[in-house]
Amino acid sequence: MKTYRTVLSRSASALAVGAFAFFNAAGVVAEDRCDDPRVAKAIEEGELIVVASVFETPETQNAHREGFLSYWCLPDDFKVSYDIRNTSGTIARIEAEVSQGVPISGDVTTMPAITWLTDAVERGLIMAYESPEYEHMKLPERIGLNNRPYWTSDMYMMFPMWNGDELPDLEITSWHDLLKPELKGKMSLMDGSTLQSVALVYHYLKQRLPEDYWEKLAAQDVLISSTSMHGVEMMMSGERPLSILGVSADANVLSDQGATHIRTAIPKEGVMLQEQATAAFADAPHPNAAQLWIDFLRSHPGQQIFEKYEGRIPGREGVPSSFALTPNADDIGDAAFAPDYREIATNADLVRTAQEEFAAIFAK
């Protein structure tokens, strides 16, 4: 079977030139931005260190680096370094330095870890920086994924995704549509007993659906898959043509590869958006470069790169989806909601309980 994941072939330099040549979304001439006094200070610092868990491809890293330099008129030899690990590895790396009493050897971080970031703010690890771009991050502000002046978030989304060749007449407007008899034995679902993100979708959708919904869904002979890749491969092959919680990033990859037969839906009861927060460290060794980086990531062209290369739902208003399979963030409206991270932070058993409930339902 041909794998659906391939490295995207866009030219990072071409995108950077096209997006940043003279104007940003607000119409500010690049030369005016370059007069910002932080630019000269960042050039003296000479480097930016990104400690992150969501820059998944070299293409993303290159596009952001070239876009960043162009956006702020930084010299070609300005160094942007990446330390990319999974989320737990990124946090462990930071905490190891904190426990040793040494400054964090990084300037900024991007990762899906709001509970950790909230605690890090209380411990004084995160820089209070009110970027002028934050006011445009409307969707995450509305659903509770921003914590200004410490961070704002891009997002990813899980929604029904299916093979339109195998299910040509299927229409989904509600989560209840997954209970249609003709879908029995045709769906897969990532394992919420092990994957925290899926357990959270289960837990918070449970509050929007009838009490017996998940039991009825399990009775549809749903196959539990270990990864999103497995679900996509079964969807593409027709073995299990509907992925109950398809991931927006996967949908964008498929769209980029020309998979015009794939369909997605936003059920009326809602879809949960999960965070991809970006923040600067309080003791960043290159604080001016860190602030400029945050401004760039939250600018219109910076948001375009994250959306195009990583399939994130941009938090900034007015940044359209570049793929047919994912909606414009501005159009999601009241269907969008987020986990209650304050509840998660204060209830240590919430995720574990959700995972156990999921296992009990789908292991029957």
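Does Arg-240 count as buried or exposed, and at what relative accessibility? In the predicted model, Arg-240 counts as buried, at 10% relative accessibility. Its partner in a salt bridge is Asp-221, and the closest N and O atoms of the two residues are 3.7 Å apart. Arg-240 lies in the loop between helix H10 (228-237) and strand S7 (242-247), and Asp-221 lies in the loop between helix H9 (213-218) and strand S6 (223-225), so the pair ties together parts that are 19 residues apart in sequence. Asp-221, at 42% relative accessibility, counts as partly exposed.

The overall form of the protein chain was examined next. Its secondary structure comes to 16 helices and 10 strands. For 364 residues, a compact globule would have a radius of gyration near 21 Å, and the value of 21 Å for the protein chain agrees with this. The C-alpha trace spans about 65 × 45 × 35 Å along its principal axes. Of the 364 residues, 55% count as buried. Among contacts with a separation of 6 or more, 79% involve residues 24 or more positions apart. The chain exposes about 15,100 Å², of which carbon and sulfur atoms supply 49%.

Charged side chains were then considered. Side chains of opposite charge can pair when their charged atoms come close. The protein chain has 30 positive and 53 negative side chains, and the centres of the two sets lie 3 Å apart. The structure holds 15 salt bridges. One of these joins Arg-298 to Asp-154, with the closest N and O atoms 2.6 Å apart. This pair links distant parts of the chain: Arg-298 is in the loop between helix H12 (287-297) and helix H13 (300-310), whereas Asp-154 is in strand S4 (residues 152-163), 144 residues apart. Arg-298 is buried, with a relative accessible area of 1%, and Asp-154 is likewise buried, at 1%.

Lys-206 pairs with Glu-357, the closest N and O atoms being 2.7 Å apart. Lys-206 is in helix H8 and Glu-357 is in helix H16 (residues 350-362), so that distant parts of the chain, 151 residues apart, are linked. Lys-206 counts as partly exposed, at 27% relative accessibility, and Glu-357 is partly exposed, with a relative accessible area of 28%. Helix H8 (residues 196-206) is largely enclosed by the rest of the structure, because 9 of its 11 residues are buried. The buried residues of H8 include Val-198, Leu-200, Tyr-202 and His-203.

Note on methods
Residues numbered from 1 in each chain as written. Predicted model: local features only at pLDDT ≥ 70, side-chain atom pairs only at ≥ 80, totals over all residues. Heavy atoms only, no water. Buried < 20%, exposed > 50% of the residue type's maximum accessible area, 1.4 Å probe, protein only. Helix = DSSP H or I, 4+ residues; strand = E, 2+ residues; numbered from the N terminus. Rg over C-alpha atoms; globule rule 2.2 N^0.38 Å. Contact = heavy atoms within 4.5 Å. Areas by Shrake-Rupley, 256 points an atom, 1.4 Å probe, with all protein chains shown as cover. Lys, Arg positive; Asp, Glu negative; His and termini not counted. Charge placed at Lys NZ, Arg CZ, Asp CG, Glu CD. Salt bridge = Lys/Arg side-chain N within 4 Å of Asp/Glu carboxyl O.
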